[in-house]
Amino acid sequence: MGNHTLAKSIAKYVYEFPTSGCSEELSAIVRFRFLDSLACILGAYGARPVQASIAFAASVPGQANVFGTTLRTTPEYAAFANGVMVRFLDYNDGYMGLEPGHPSDSIPRCLTVAQAERAGGQELIAAILLAYEVQMRFQDAGSLNKRGWDHVNYINISMAVAAAKLMKLTEQQIEQAINISLSGRLAMRQVRSGTLSDWKGCSAANAARNAIFSAQMARYGMTGPSPIFEGEMGFRKQITVDFLLDVADFGSGANEDFAIRRSLTKTFPTNGELHTAVWAGIELTRRIDNILDIQTICIETFNFNKRVLADGLDKWRPRTRATADHSLPYNVARVLLDADISVDSYSLKKITDPLFISLMNKTTVVEDPAPTKLFPKYLANRVTVTLRSGEVLVSEVVTGPGSVETPMPDEDFEKKFRKMAAPHLSEGEQGDVLDIGSKLDQQTGYEALFAATAGGAKETSCHGER
């Protein structure tokens with residue numbers, strides 16, 4: 001076992017992964033995911049958890065930039081703050097295997113390490129591809145949430161290898177980065193249960209911070225517990241029992257079967273597993289003349305959604321933005337009122353709207369065997385509205401925009417970016433960012449990108465004041 005551990009196999013794959021020569025098609029996918037992440041980051045400027053993260057990062061000087069500021073801090077602190085930004089709106093891309101997750105969580109962290117290591121654009125693209133590949137393959141391999149563990153535990157692995165690649169570590173050092181990162185920090189699923197706190201959007205950032213630290217330690221000769229996956233008290237036995245993963249199946253230049261092709265981009269700033277329910281609700285609004293005519297709302301969904309997005313009173317009476325955007329009944333009731341889901345959909349005014357609360361009181365969520373059977377390939381939802389007249393309206397959506405079947409058009413990435421950037425960046429600054437993103441593979445540094453996305457930011461003091 002010692003000679004053929006999973007950590008060794010992953011380390012070999014990562015070490016041999018080419019840092020140049022990526023096909024134009026694959027490079028374009030990464031560039032658009034990069035732009036999508038920047039849109040999410042800009043949309044989070046000013047949010048309370050972001051401000052707290054920036055204030056913390058400001059306490060330690062360094063050479064890594066933090067978006068929206070002129071602050072420079074350590075790579076770990078910058079990775080944390082930038083990572084909190086990309087996740088705050090729940091608008092960045094996602095993927096559902098046996099475990100859900102957001103592979104683009106890695107993008108701002110890879111950028112941070114690339115800046116610190118003076119890595120070029122092609123090296124950055126390779127690191128992003130690796131992070132997606134490893135995280136999504138693990139998501140396919142085993143469920144964590146069923147045993148009470150959070151999906152960001154897979155980021156301990158994916159970001160450790162991405163950081164190690166950018167640091168140009170040896171095969172043996174990459175293995176130790178995995179061992180250290182995975183053993184040193186495991187997140188509980190309670191972060192996404194009940195009333196959700198600010199930490200829901202910070203958990204992945206903390207895993208990435210830990211992973212970068214682990215890669216740095218491995219660089220200087222630190223070793224970690226092994227075998228971390230197969231050991232008597234290792235990951236497989238303690239965290240996820242049913243776990244099948246073969247590194248030989250990972251994407252390569254020979255097969256071009258890279259996992260990033262299967263990641264799902266978002267058209268709404270909310271949980272990805274309920275997007276089809278939002279589309280169903282939008283379709284129903286075209287057939288409902290008066291919202292007061294609604295007598296009952298029934299949402300038929302797959303097991304995961306019933307268990308995670310409709311798991312208690314908190315999902316019918318959300319008190320925080322983080323809870324509302326992870327509530328299936330909330331989003332359906334909200335879209336029936338507004339015919340859209342936007343960043344403003346989770347404001348305190350919207351959450352406490354009496355008309356909305358009356359709709360929530362009429363809403364039920366049930367598991368249906370049909371969508372459960374389609375899961376996780378399809379994230380299907382059916383919404384049935386019964387009117388006072390007795391008329392029954394049904395809308396079922398199996399897949400929608402942003403999916404593998406209907407990918408987001410290239411032009412929509414720019415629209416999403418400009419929509420999120422408009423309150424913070426001038427037209428010229430937006431153009432600068434778009435130009436940098438379109439030439440990501442040609443970049444030799446990233447200071448111009450951080451400068452263009454800082455907008456009117458002032459210097460952040462070491463006490464976090466802006």
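**A covered helix and its ends**

Modeller: This is a predicted model. Helix α15, residues 328-338, is mostly covered, with 9 of its 11 residues buried.

Colleague: Which residues of α15 are buried?

Modeller: Buried here means a relative accessible area under 20%. The residues of α15 that are buried are L328, P329, Y330, N331, V332, A333, R334, V335 and L336.

Colleague: Which residue caps the N-terminal end of α15, and what follows the helix?

Modeller: At the N-terminal end, a side-chain oxygen of the capping residue lies 3.0 Å from the backbone nitrogen of Y330, and that capping residue is S327. After α15 comes a residue whose phi is positive, near 60°, namely A339.

**Two packed helices**

Colleague: At what angle do α20 and α21 pack, and how far apart are their axes?

Modeller: Two packed helices are described by the angle between their axes and the distance between the axes. For α20 (residues 427-438) and α21 (residues 447-454), the angle is about 150° and the axes are 9 Å apart. Angles over 145 degrees count as roughly antiparallel, so α20 is roughly antiparallel to α21.

Colleague: Is the crossing of α20 and α21 left-handed or right-handed, and which residues meet there?

Modeller: The crossing in which α20 passes α21 is left-handed. From α20 the contact takes in E429, D432, V433 and I436, and these meet A448, L449, A452 and T453 in α21. By class, the residues of this contact divide into 5 nonpolar, 1 polar and 2 charged.

**Two buried residues**

Colleague: Where does E133 lie, is E133 buried or exposed, and which residues is E133 in contact with beyond its neighbours within four places in sequence?

Modeller: E133 lies in helix α6, which spans residues 121-141. Its relative accessible area is 0%, and E133 therefore counts as buried. Leaving aside neighbours within four places in sequence, the residues in contact with E133 are Y13, F250, G251, D257, F258 and A259.

Colleague: In which strand is T384 found, what is its relative accessible area, and which residues does T384 touch?

Modeller: T384 is found in strand β7, residues 381-387. Its relative accessible area is 14%, so T384 is buried. Not counting residues up to four places away in sequence, T384 touches T296, I297, C298, E300, V392, L393 and V394.

**Backbone details**

Colleague: Where are D90 and R118, what is the phi of each, and is each buried or exposed?

Modeller: D90 is found in the loop between α4 (75-88) and β3 (95-96), and its phi is near 55°, a positive value in a residue other than glycine. R118 lies in the loop between α5 (106-117) and α6, and R118 has a positive phi of about 55° although it is not a glycine. With a relative accessible area of 0%, D90 is buried, whereas R118, with a relative accessible area of 75%, is exposed.

Definitions and conventions:
Residues numbered from 1 in each chain as written. Predicted model: local features only at pLDDT ≥ 70, side-chain atom pairs only at ≥ 80, totals over all residues. Heavy atoms only, no water. Axes fitted to C-alpha atoms, helices over the stretch in contact; angles between N-to-C directions. Helix = DSSP H or I, 4+ residues; strand = E, 2+ residues; numbered from the N terminus. Parallel < 35°, antiparallel > 145°, perpendicular 65-115°, else oblique. Left-handed = near helix turned anticlockwise from the far one by under 90°. Contact = heavy atoms within 4.5 Å. Nonpolar A, V, L, I, M, F, W, Y, C, P; charged D, E, K, R; others polar. Buried < 20%, exposed > 50% of the residue type's maximum accessible area, 1.4 Å probe, protein only. Polar contact = N/O pair within 3.5 Å; in protein donor to acceptor, adjacent residues only side chain to side chain.
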